[in-house]
Amino acid sequence: MAKESILKRHPWMLHVLIMLGLSLAILALVFLFIKIYARQGQEYVLPEMVGSNVADLRADNPIGLDIVIMDSIFRPNTEGGLILTQDPKAGTAVKKGRKLYITITAYSPEDAVFPELAGLTVRQAVSELRGCGLEVGHLKFVEDPYKNTIIDHTCKGKTVYAGQQIERGSIIDLVVGLGDSTGSSVIPFVIGKTAELARRDIIASSLNVGKEHFRGVKNRNTAVVYKQEPDYTGVSRYNYGTSIELWYIDADDTDIEKMVREFKVDSSKIEDPNAINDGRPTPEEIENSDRWTW
């Protein structure tokens, strides 16, 4: 009599083997689905998109980026749809379908409500105006008991009032008090910064933007400052309203990190321009170095 197979003698083992096989098959399908869903190994490096038009990006979007416009800023004499900022930045590895957050130039001016600036410092006023999509043009300092405080504000020579509707992107000139004596401020370090950031930091320090030189620059939106006059020292002080002259170069044509490393501290990060800069060079460093000139 032939021996019965083990499966005939123990039929329950057949069911166990079938269940085990099905479990392994389901597990394999799950891992395959996860791999496909996550697109493992299919990462792409984002190119530099700042300066290009969002319409071109949408027309040529091979990796299916989900483009999200976070904000639009109106700039006179500038075409609408130009990308001003991108997040993630160029050089970041992303997968297909990744959300790309951008800021673009507006196609047409939009109205903003002019904020209340009375009693604010220049730095506070700059923050308020930028939050409304407005830019600061020129600072005019006049005799007034309140030092570094906003007295008046105009647009194209006409006074604007809190609550008034005004086009986004408009340039606002500020009249500021001098207090009982001429105020002074440490010149901010703007080497390596774009024109937009350099202007913001200079105005926020109660200084004015002087001549700006863009000779040979291909893209003014991404160009960075490579020279400023007066020079940054971290300790030298200049009267409120002093003009800072700026020279720009295309970001792709220079080593920005190398330029920045040549200076010790960025004084534009000081909340109060009159505060002591703890990062400034010591008297001994100044005496023993030929870099810190006056």
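Which residues have the most contacts inside the largest nonpolar core? In this predicted model, they are F114, L129, L139, I172 and L174, within a core of 22 residues. Helix α4 and strands β7, β8 and β11 each supply at least two residues of this core, and the largest share, 4 residues, comes from α4. Leaving out residues up to four places away in sequence, L129 touches F114, P115, L117, L134, V136, I172 and L174. Apart from this core lies another, of 18 residues, including A198, I202, V217 and V225.

Helix α5 spans residues 195-204. Its buried residues are A195, A198, D201, I202, I203 and A204.

| Element | Residue range |
|---|---|
| α4 | residues 122-131 |
| β7 | residues 135-142 |
| β14 | residues 224-229 |
| β16 | residues 243-249 |

Strand β13 is also one of the packing partners of α5. Just after the helix, S206 adopts a positive phi of about 65°.

Strand β13 covers residues 208-213 and contains N208. N208 is buried because its relative accessible area is 1%, under the 20% cut-off. A polar atom of the N208 side chain lies 2.7 Å from the backbone nitrogen of L139. Neighbours within four places in sequence aside, N208 is in contact with G137, H138, L139, I202, I203, G241, T242, S243 and I244.

Terms used: Residues are numbered from 1 along each chain as its sequence is written. This is a predicted model: local features need pLDDT of at least 70, side-chain atom pairs count only at pLDDT 80 or more; totals for chains, interfaces and linings use all residues. Side-chain values use heavy atoms; hydrogens and water are left out. Buried means under 20% relative accessible area, exposed over 50%, partly exposed in between (1.4 Å probe, protein chains only). A polar contact is a pair of N or O atoms within 3.5 Å; within protein, one must be able to donate a hydrogen and the other to accept it, and residues adjacent in sequence count only if both atoms are side-chain atoms. Contact means heavy atoms within 4.5 Å. A nonpolar core is a set of buried Ala, Val, Leu, Ile, Met, Phe, Trp, Tyr and Cys residues joined through side-chain atoms within 4.5 Å.
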